[in-house]
Amino acid sequence: MTSILIRHATALTVDADRRVIEDAAIAIEGDRIAAIGRDAELAPLADAAAEVIDATGMAAIPGLIDSHAHAGHGLVRALGAGDTEAWFQACETLYAGGTDVAFWAAEARLTLLERLMAGVTTCVTLLGGGADIYRSDDPAFGDAYCAAVRESGLRTMLAVGPGRPPFPRRYRGSRGTEIDVDFAHQLAVSADLISRHDGILETGTGVCLVMPVYAPGGDEAASEAEVRRMAGAVAALREQHGVLLTQDGHRNGSIAYARDLGLLGPHALLAHCVDLTGADIAALEETGAAVAHNPSAIMSILGRCPAPELIGRGIRVALGSDAAAPDRGYDMFRHMAQAMHYHRRHFADPSVLPPGKVLEMATIDAARALGLEQDLGSLEAGKKADIVLVDMRKPHLTPPDMPLHAITHFANAADADTVIADGRVVLRGRVSRTLDPQTVIAEATEAARAAVNAAGLAALRREPEGLWRNVRNPAGTPPL
């Protein structure tokens with residue numbers, strides 16, 4: 001029986017033929033798309049459908065996939081505005097020592113609400129970040145995040161694993177007491193979370209492993225021998241459970257080194273990947289590892305990810321937000337437009353990275369990067385029913401004659417009218433059906449202020465006077 005029938009949409013299928021179907025209908029049975037075609041062909045299903053959605057004036061696209069983000073960032077948004085180093089230090093202070101389970105649960109619901117209302121149905125989220133501080137000291141933090149994911153109705157691949165040495169590192173545990181956490185402990189907690197929460201297509205929660213990025217020779221906190229020992233243990237655990245491995249912050253030779261450490265393969269998703277060497281690109285081609293490109297991230301200001309060039313060499317490249325702090329959000333429409341402008345400016349060519357490709361990077365290419373392309377990433381019969389209806393009846397999307405161009409260049413998160421995830425309507429008419437915005441926002445605000453105040457970071461919540469000053473010339477740059 002048809003559970004939901006969407007009628008009269010313009011469907012951007014992102015299927016193998018990249019069909020755009022005008023006056024389309026999509027039939028959903030349970031959690032899967034049962035049929036997609038012209039409305040005239042599927043209209044007879046309306047009489048028996050449990051719910052009929054009139055999508056006149058709307059475009060249907062696959063649920064968007066955010067391939068790289070960080071839990072925790074939603075509640076440290078704009079801390080130390082304009083001072084990146086202060087923000088990173090605040091993350092390190094809060095993530096290891098100044099936050100309880102309630103903080104992470106509140107942040108999870110806030111992040112999931114933002115994604116839900118932006119048409120993002122699947123994401124990869126590292127349980128922490130900043131300076132490689134991951135909440136794999138206690139399974140309670142991962143449990144809380146996964147519970148919020150199931151409540152939202154969306155999907156999250158939660159990345160857990162060891163942080164960066166030195167070990168042991170002092171954490172404030174889930175019971176409020178301070179504990180010393182070492183590499184083996186974090187790996188054991190990660191294995192526990194994988195065993196209980198890894199089922200992204202069945203339950204909405206997946207778990208993968210994260211390993212800090214290293215350059216050849218190790219660093220001041222870990223010798224090369226220690227790095228190789230840690231990499232071997234992470235790789236063995238990954239192989240044992242058959243999960244994804246992700247890394248955050250590759251650049252300038254580190255991909256080739258990760259290959260030498262035995263970390264890479266089709267199971268690997270590498271974030272940022274700026275200023276790559278020839279050896280790095282060869283390592284990507286050799287191993288089949290995928291890239292999570294984050295065009296709105298600070299790292300993409302400090303260096304460039306050669307996404308079009310990598311795509312041209314057959315390397316899988318997905319799009320990511322890099323989370324909600326310190327200066328961005330989960331609006332994947334914004335990141336699609338940013339990606340186009342980022343690379344077009346580099347090449348001084350407005351035809352680089354066409355709109356169809358950036359939509360693919362946020363849908364089917366991201367699904368391939370996660371190894372989930374058989375179930376996610378396009379509107380096709382048999383695939384999971386992850387569908388976003390974009391309201392094209394807006395001044396900035398008018399005329400609606402070229403929906404692909406309009407969606408990738410002009411749309412934003414607020415244009416997502418209806419979101420269906422796993423066959424369940426989670427947003428309808430911009431109203432959430434799973435998470436209550438008023439409650440989520442109130443809890444998030446309280447949790448953020450309590451954590452920041454308790455950590456002695458209240459001064460970072462105030463905007464500095466420098467934000468109002470005239471633009472300065474970068475150091476060493478003569479005035480015009």
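Biologist: What is the strand order in the open sheet of eight strands, and which pairing does the sheet have?

Modeller: This is a predicted model. In it the order reads S6-S7-S10-S13-S14-S15-S16-S17, with parallel pairing.

Biologist: Why are S6 and S17 said to stand at the edges?

Modeller: Strand S6 (64-70) and strand S17 (317-319) each have a single partner strand, so one side of each lacks a neighbour in the sheet. On average, neighbouring strands of this sheet are turned by 25 degrees against each other, direction ignored.

Biologist: What makes S13 and S14 a pair?

Modeller: The rule asks for at least two bridges between two strands. Strand S13 (residues 205-210) and strand S14 (residues 245-248) have two bridges, in the parallel sense. So they count as paired. Val210 has Thr246 of S14 as its bridge partner.

Biologist: Which strands does helix H3 touch?

Modeller: Helix H3 (residues 101-116) packs on the sheet and touches S6, strand S7 (120-126) and strand S10 (155-160). Its direction makes about 145 degrees with that of S7. Helix H4 (residues 139-152) lies across S7, S10 and S13. H4 runs at about 170 degrees to S10.

Biologist: Why is the contact between Arg169 and Glu92 called a salt bridge?

Modeller: The cut-off is 4 Å from a side-chain nitrogen of Lys or Arg to a carboxyl oxygen of Asp or Glu. Arg169 and Glu92 meet at 3.4 Å, N to O. That is within the limit, so the pair qualifies. Arg169 lies in strand S11 (residues 169-172) and Glu92 in helix H2, so the pair ties together parts 77 residues apart in sequence. The whole structure holds 35 salt bridges.

Biologist: What makes a space a cavity and not a pocket?

Modeller: A 1.4 Å probe fits in a cavity but cannot get out, whereas a pocket is open. Two cavities of 30 Å³ or more are found.

Biologist: How many charged residues line the second largest cavity?

Modeller: None; its lining has six nonpolar and three polar residues. Among them are Met211, Tyr214, Gln247 and Leu263.

Key:
Residues numbered from 1 in each chain as written. Predicted model: local features only at pLDDT ≥ 70, side-chain atom pairs only at ≥ 80, totals over all residues. Heavy atoms only, no water. Helix = DSSP H or I, 4+ residues; strand = E, 2+ residues; numbered from the N terminus. Axes fitted to C-alpha atoms, helices over the stretch in contact; angles between N-to-C directions. Contact = heavy atoms within 4.5 Å. 1 Å grid on protein atoms, 1.4 Å probe; cavity = no way out; pocket = protein on both sides within 12 Å on 5 of 7 lines; lining within 4 Å. Points joined across faces, edges and corners; volume = space filled by probe spheres on them. Nonpolar A, V, L, I, M, F, W, Y, C, P; charged D, E, K, R; others polar.
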